[in-house]
Amino acid sequence: MAESVNHQEVHDLLVEVARKAGDMIATAQPHINTSSSKKNSADLVTETDKAVEKFVIGALRERYPDYDFLGEETYVPGKQLTDKPTFICDPIDGTTNFIHAFPNVCISLALCVMRMPVVGVIYNPYTTHMYTAIKNQGSFLTMPVRTDSPTSPAPIAPRKIRLPRKQHPEPLTGLQNALCAVEWGSDRSGHNFEVKHRTFTKLAGAIEEGGKMVHSLRSMGSAALNLCAVAAGQVDLYWEGGCWAWDVAAGWLILTEAGGIMVDGNPGGWTPAVDCRRYLAIRAAPSGQKELVEEFWSAIEGRMEYSS
Ligand code: IPD
Ligand code: CA
C-alpha cells in the first residue's frame, strides 16, 4: 500500500545496502577481458554488476517482500514500471569506468511509488560520497571532510551537507554560460546517434558558426552521478537519451529535492515519465530554468526516438 510506505525506514535500509554493495564494488578486481558485452562493445557488464544486484535483491526482499523490483541486470524486456511500490536498482552505474578503474562509479537505489521516486540513494564507493533524498525532505551529500587545523589535528569525519552546495545559487543566464553534462551512451550509429553528435557540435561550436558556445561539455560516464552533479549545482544541466529508469530514478529525486527540474530530452515535454529514456536536468536557480530548457530544446538537432 502506497500510504503505508515509511520513507525514512526505506531510506535507512537503502543507505545500509548501498554501503555494503559499495564494499563489494570497491574490493572487486574488474578486468576488461572478464567483462562481457550486452548489446555491443560499448554496453558492458561484469560479474560484480550481477553479484551486487543479487545481493541487493536479497536484502530488499527480506524486508519488503511485497514490493516490486526493477534492476538493470535482471530486467526482462517489456517489463513496465507500475503504480506499485517498486525498488529500482542500478548495481553499478558507470560500468565502463569501473572496468577502467576510472573512479566515477556508483550504486543507484530508489523506491518509486505511483511511478515516481520517493526515496533515492546514490553511493560512490571510491570517493565515499553518499547522495540521499526523501520526498519533501530535501537532498543531501554525506562526505568525508577534514576537520583538522594547524593547531588541532583531527581525523577525517563524515559531514552531511544539504544540496545544492551553494546556499544561494546564481541565476541561469543561458547556454553560453552553461557547463553541460552529456553522454555518448552505447548507441553509436543510426538516427539517435546522429541527433546526439550533431547536437554536441551545435552546443560546443562558435556562435559565429551557428553554435551555442557553451562553457564546455562533460562526459563522465555515469548518468546517476551526472544527476548528482546537477543537484549539487556543479554542472548546470545534463542531457541524455537512451538511458533507463535505473540510471535516473534515484538521481531524479536527489535533483528535484535540491530545487532542480527534470524535463523531457526531446522538446516540449515538461512532465516526463521516469522511464521515458530521454532526459534534460537543470540545476536549482532563482531564475532562468525555464528559459534554459527552451533554449536547450531549440538547440537539439532532431528528435530522439527512445521510448519506454
Ligand atoms: C550507463 C551510464 C552512462 C550512460 C548510459 C548508461 P551503465 O550505465 O550511466 O553514463 O550514458 O546510458 O547505460 O551501463 O554504466 O550501468
Ligand atoms: Ca547504469
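Trainee: How many disulfides does the structure hold?

Mentor: This is a predicted model, where local features need pLDDT of at least 70, side-chain atom pairs count only at pLDDT 80 or more, and totals for chains, interfaces and linings use all residues. Residues are numbered from 1 along each chain as its sequence is written, chains are lettered from A and ligands numbered from 1 in the order in which they are written, and side-chain values use heavy atoms, with hydrogens and water left out. A disulfide is a pair of cysteine sulfur atoms within 2.5 Å. By that cut-off the number of disulfides is zero.

Trainee: How far is the sulfur of C228 from the closest cysteine sulfur?

Mentor: C228 is buried too, with 0% relative accessibility. Its closest cysteine sulfur is in C106, too far for a bond. The distance is 6.7 Å.

Trainee: Where does D93 sit, and which residue 129 places away in sequence lies 5.5 Å from it, C-alpha to C-alpha?

Mentor: D93 is found in strand β4, residues 86–93 (strands are DSSP runs of E, at least two residues; helices are runs of H or I, at least four; both are numbered from the N terminus). D93 is buried at 6% relative accessibility. Leaving out residues up to four places away in sequence, D93 touches C106, A223 and D247, among others (contact means heavy atoms within 4.5 Å). The residue asked for is S222.

Trainee: How many salt bridges does the count come to?

Mentor: Side chains of opposite charge can pair when their charged atoms come close. The rule asks for a side-chain nitrogen of Lys or Arg within 4 Å of a carboxyl oxygen of Asp or Glu. By this rule the count is 12.

Trainee: Which residue does E16 meet in a salt bridge?

Mentor: The two partners are four residues apart in helix α1 (residues 7–27), so about one helical turn separates them. E16 is partly exposed at 40%, and K20 is partly exposed at 45%. The N to O distance is 3.3 Å, and the partner is K20.

Trainee: Are E240 and K196, which meet in a salt bridge, buried or exposed?

Mentor: Their side chains meet at 3.9 Å, N to O. The pair links distant parts of the chain, with E240 in strand β12 (residues 237–241) and K196 in helix α4 (residues 190–204), 44 residues apart. E240 has a relative accessible area of 6% and is buried. K196, at 3%, is buried.

Trainee: Which residues are linked with K202 in a network of salt bridges?

Mentor: K202 and E301 meet at 3.3 Å, N to O. K202 lies in helix α4 and E301 in the segment after α7 (289–299), so the pair ties together parts 99 residues apart in sequence. K202 is partly exposed at 22%, and E301 is partly exposed at 21%. The network links K202 with E194, R198 and E301.

Trainee: What is the orientation of α4 and α7 to each other?

Mentor: Their axes come within 9 Å and cross at roughly 120° (axes are lines fitted to C-alpha atoms, for helices over the stretch in contact, with angles from 0 to 180 degrees between N-to-C directions). T199, K202 and L203 in α4 meet F296, S298 and A299 in α7. Angles under 35 degrees count as roughly parallel, over 145 as roughly antiparallel, 65 to 115 as roughly perpendicular and the rest as oblique. The two helices are therefore oblique.

Conventions. Buried < 20%, exposed > 50% of the residue type's maximum accessible area, 1.4 Å probe, protein only.
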